[in-house]
Amino acid sequence: MSETATLATKQNPLQYVTDQLNELRSKGVAPKLRVLEGEQRPVCVFDGQEVINLASNNYLGLTTHKALRKAALDAVKRYGAGAGAVRAIAGTMRLHMELEEQIASFKKVEACVVFQSGFTANAGTVSAVLGKEDLIVSDELNHASIIDGARLSKATIKIFKHKDVPDCERILQEHASFPGKKLIITDGVFSMDGDIAPLPGLAALAQRHDAWLMSDDAHGLGVVGGGRGSNFVAPTRADVPLQMGTLSKALGAYGGYLCASAAVVDLIRNRARTVIYSTGLPPAMVAAAIAALDVIEREPAYAALPLAKAKAFARLARLPEPVSPIVPVLLGEAEAALKASRLLEDEGFLVVAIRPPTVPMGTARLRLTFTAQHPDHEVERLAALVRTRILAHAPASAAEAQ
Ligand SMILES: *Cc1c(COP(=O)(O)O)cnc(C)c1O
């Protein structure tokens, strides 16, 4: 830091904030917020401009489904706006219990506890079940909320190569005499790549090494495995003792959950700091999530649509067949991804460029999320653009990486 900068910091401690912002802006990683006008839909209006939206996690269009609107409105009329207290003291409503039972039965597990968000589910769970004498073995591409949850637990954290079961085993073997508990943790569907964790392999590994397995199915629930999530994807149904997910994406509401044994759920209720010290979910969101699960249970064919659209897109764009509605188009350098995103924007598509540090260096990409309601002709037009105007000009290394 230069002398003048040091002086400025001394004079105004908050100068630091401006410096940090300027640094982020100069790296191009502090983009202006896009503001949505109206509803979250596949074709919607951001900042006055209509776009076909491939950046939303509203996979099933449930945020605007009439059953969810009605459930949320009825809950407000019946129970008011907020839960009024933390769950452990006086904020647990009958509705919370109903939602937890419904999720547990949908996921075919013993018990479930809901949180205020997927983020607080991860942050609260990992630190409630593990402590500083324990070991976490974590996939290198896991979501930030898993990483933060792991850090909060103060456990030793080791990272295995993406989806690499032998590398995960190597770490477990190296820590065979480790005194504490061991937890393998992975996204179910990876948020930036859309690929699915090798859950059966990891489950077998966990059993062999006396470890626990936890999955984060924020992008799996509602859209893969008949809507029940990544551990229901054929051919092997995996036994995952700790299954976290969110109510905020395919379910179109807001909140998070952890499915586990009744004993683990009881422990979480008593020990997870994000449950104990933060007010419970508002009734409208709980009721909306219940309505969303009803829709998915009633119409499993509908839950298959986002993946079907993603597959149709990939086939036409000549990309590998996706296994979830998230399709990455790897372009390598950040500048290439930005340029491609701007090109698509000019054609009326909102497709975000994802760059380091969100993804590893050299793997900047477009990230497309398909939803049940994307019009087929627009999916086809987008595929043609990606194939002829973007991939045709991408360096060979980017094509190999796909
Ligand atoms: C979005 C997301 C979360 C957080 O869920 P929220 O309900 O939005 O807080 C956690 N994990 C993954 C993998 C996610 O993509």
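Helices (H or I, at least four residues) and strands (E, at least two) are DSSP runs, numbered from the N terminus. The structure on display is a predicted model, in which local features need pLDDT of at least 70, side-chain atom pairs count only at pLDDT 80 or more, and totals for chains, interfaces and linings use all residues. Residues are numbered from 1 along each chain as its sequence is written, and side-chain values use heavy atoms, with hydrogens and water left out.

**Stop 1: strand β9**

Select Q243, which is found in strand β9. Is Q243 buried or exposed? Q243 counts as buried because its relative accessibility is 4%; buried means under 20% relative accessible area, exposed over 50%, and partly exposed in between (1.4 Å probe, protein chains only).

**Stop 2**

Now select S230, in the loop between β8 (212–216) and β9. S230 counts as buried because its relative accessibility is 5%. Select D216 as well: the C-alpha atoms of S230 and D216, 14 residues apart along the chain, are separated by 9.3 Å.

**Stop 2: the ligand**

- K249, with a side-chain N or O atom 2.5 Å from an oxygen atom of the ligand.
- S248, with a side-chain N or O atom 2.7 Å from an oxygen atom of the ligand.
- H143, with a side-chain N or O atom 3.3 Å from a nitrogen atom of the ligand.

Taken alone, the ligand exposes 380 Å², of which the protein buries 87%; accessible areas come from the Shrake-Rupley method with a 1.4 Å probe.

**Stop 3: the largest nonpolar core**

Select L60, L99, I103, L247 and Y257, the residues with the most contacts inside the largest nonpolar core, which has 41 residues. Such a core is a set of buried Ala, Val, Leu, Ile, Met, Phe, Trp, Tyr and Cys residues joined through side-chain atoms within 4.5 Å. Which element gives the most to this core? Helix α12 does, with eleven residues. In soluble globular proteins, nonpolar side chains tend to be buried together.

**Stop 4: backbone details**

Most residues other than glycine have a negative phi, and most peptide bonds are trans. Select D47, in the loop between β2 (43–46) and β3 (49–53); phi of D47 is near 50 degrees, a positive value. D47 counts as partly exposed because its relative accessibility is 41%. Then select K154, in the loop between α7 (144–153) and β6 (156–160); phi of K154 is near 65 degrees, also positive. K154 counts as exposed because its relative accessibility is 62%.

Finally, select P356 and P357, which are joined by a cis peptide bond with omega about 10 degrees. P357 lies in the loop between β13 (352–354) and β14 (364–369).

Conventions
A polar contact is a pair of N or O atoms within 3.5 Å; within protein, one must be able to donate a hydrogen and the other to accept it, and residues adjacent in sequence count only if both atoms are side-chain atoms.
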